Amino acid sequence: MYTLEAPAGVVKPVNRTRRRRLHQRRPVVWAARIVVLVLFLVGWDFVRREVVAEFFVGNPWRVYDILVDWVGSGFIFGHIRYTLSATVLGFLIGTAVAVPLAILLGTNRHLYRVFDPFLNAGYSVPKIAIAPLLIIWFGLGLTPKVVLAAAIAFFLVFHTSVAGVREVEKDLTDQVYLFGGTRWTVIRRVILPTMSLQILNGLRLSFPYALHGAIIGELIASHNGLGYLLASARGTYNMSAMIAALVVIMIVALAIVALIDLLQRWVPSTR
């Protein structure tokens, strides 16, 4: 079977000096971030005391108390688990459909031209507009949130993945065929390694949006999840609780993106 291998003796250059400088600057970056956060909290507290009523902007210390109470009682973890279940399931389903379809259409120009307007039409529809339909079709459970998250993840992963497929040089694929390689060989040995970074970029971009899709579904109709917490706090005009729920959403999204970034750093080293 034909295989592609890097020429012997070729090693990717590593700029160790630059890495060392970045490592040395990391404490400075974190210190600057802490300063920005402290200034933001001080400014927020000043605004709610001197400029705008607390009813409209919340209270940072009340938000802190709510977060401590939610974490201490374990109340928040069930809602995080519910939202993450919908997000991860939708994310995996959307990705599992998007990547093979991107390979299929990206390697077949005529087929791509047939389906391109339909895909663009689906992508242009605001996903919040289909949320009520999904709830009517699938009820108030987890399913409509999963479908909404999957729809959002699908389009973002598909477009980044198909761009990766189409970046593969035709001369390289022609050489594989010339040496007896099959279409599967081209996909496995050329296309997948080439598009791996594009896929990971798509995953990094799409996961927060898949999370948004799940939360939108929970905002419209749910009895669990972080979106439900937002809707519940909105119903009681509790601005501090709304902000606390938003803080939890941001922390969850940042944690997942950090995991994807670690995976993205690991993939190139395995080639």
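Contacts, cores, a pocket and salt bridges

Colleague: Once its neighbours within four places in sequence are left aside, which residues is threonine 95 in contact with?

Modeller: Setting those neighbours aside, threonine 95 is in contact with Pro100, Val157 and Leu203. Please keep in mind throughout that this is a predicted model. Threonine 95 itself belongs to helix α4, which covers residues 75-106.

Colleague: Is threonine 95 buried or exposed?

Modeller: Threonine 95 counts as buried because its relative accessible area is 15%, and the term applies under 20%.

Colleague: How should I read a nonpolar core, and which residues have the most contacts inside the largest one?

Modeller: The general idea is that, in soluble globular proteins, nonpolar side chains tend to be buried together. Here the largest nonpolar core has 23 residues, and those with the most contacts inside it are Phe91, Phe154, Phe158 and Leu203. At least two residues of this core come from each of α4, α5 (109-124), α7 (143-166), α9 (183-220) and α11, with α7 giving the largest share, eight residues. Another core lies apart from it and has 20 residues, among them Ile76, Leu211, Leu229 and Ala244.

Colleague: If I take phenylalanine 158 as an example, what is it in contact with beyond its neighbours within four places in sequence?

Modeller: With those neighbours left out, phenylalanine 158 is in contact with Ala98, Leu101, Ala102, Leu105 and Leu119.

Colleague: Turning to the pockets, how much space lies in the second largest pocket, and which residues lie nearest its centre?

Modeller: The second largest pocket holds about 630 Å³ of space. Its lining is made of 17 residues, and those nearest the centre are Leu37, Val247, Met250, Ile251 and Leu254. Helices α1 (16-50), α3 (60-73) and α11 (239-269) are the elements that give two or more residues to this lining. By residue class, the lining of the second largest pocket divides into 16 nonpolar residues, no polar ones and one charged.

Colleague: My last topic is charge: how many salt bridges does the structure hold, and where do arginine 48 and aspartate 45 lie?

Modeller: As a general idea, side chains of opposite charge can pair when their charged atoms come close. The structure holds four salt bridges. In one of them, the side chains of arginine 48 and aspartate 45 meet at 2.8 Å, N to O; both residues lie in helix α1, three residues apart, which is about one turn of the helix. Arginine 48 counts as buried because its relative accessibility is 18%, and aspartate 45 is also buried, at 11%.

Colleague: With which residue does arginine 49 form a salt bridge with its closest N and O atoms 2.9 Å apart?

Modeller: That partner is aspartate 45, whose salt bridge with arginine 49 has its closest N and O atoms 2.9 Å apart. Arginine 49 and aspartate 45 are four residues apart in helix α1, again about one turn of the helix. The side chain of arginine 49 also meets that of glutamate 50 in a salt bridge, at 3.6 Å, N to O. Arginine 49 is partly exposed at a relative accessible area of 46%, whereas glutamate 50, at 53%, is exposed.

Colleague: Which residues do the salt bridges that share partners join into one network?

Modeller: Through shared partners, the salt bridges join Asp45, Arg48, Arg49, Glu50 and Glu54 into one network.

Terms used
Residues numbered from 1 in each chain as written. Predicted model: local features only at pLDDT ≥ 70, side-chain atom pairs only at ≥ 80, totals over all residues. Heavy atoms only, no water. Buried < 20%, exposed > 50% of the residue type's maximum accessible area, 1.4 Å probe, protein only. Contact = heavy atoms within 4.5 Å. 1 Å grid on protein atoms, 1.4 Å probe; cavity = no way out; pocket = protein on both sides within 12 Å on 5 of 7 lines; lining within 4 Å. Points joined across faces, edges and corners; volume = space filled by probe spheres on them. Nonpolar A, V, L, I, M, F, W, Y, C, P; charged D, E, K, R; others polar. Core = buried A, V, L, I, M, F, W, Y, C linked by side-chain atoms within 4.5 Å.
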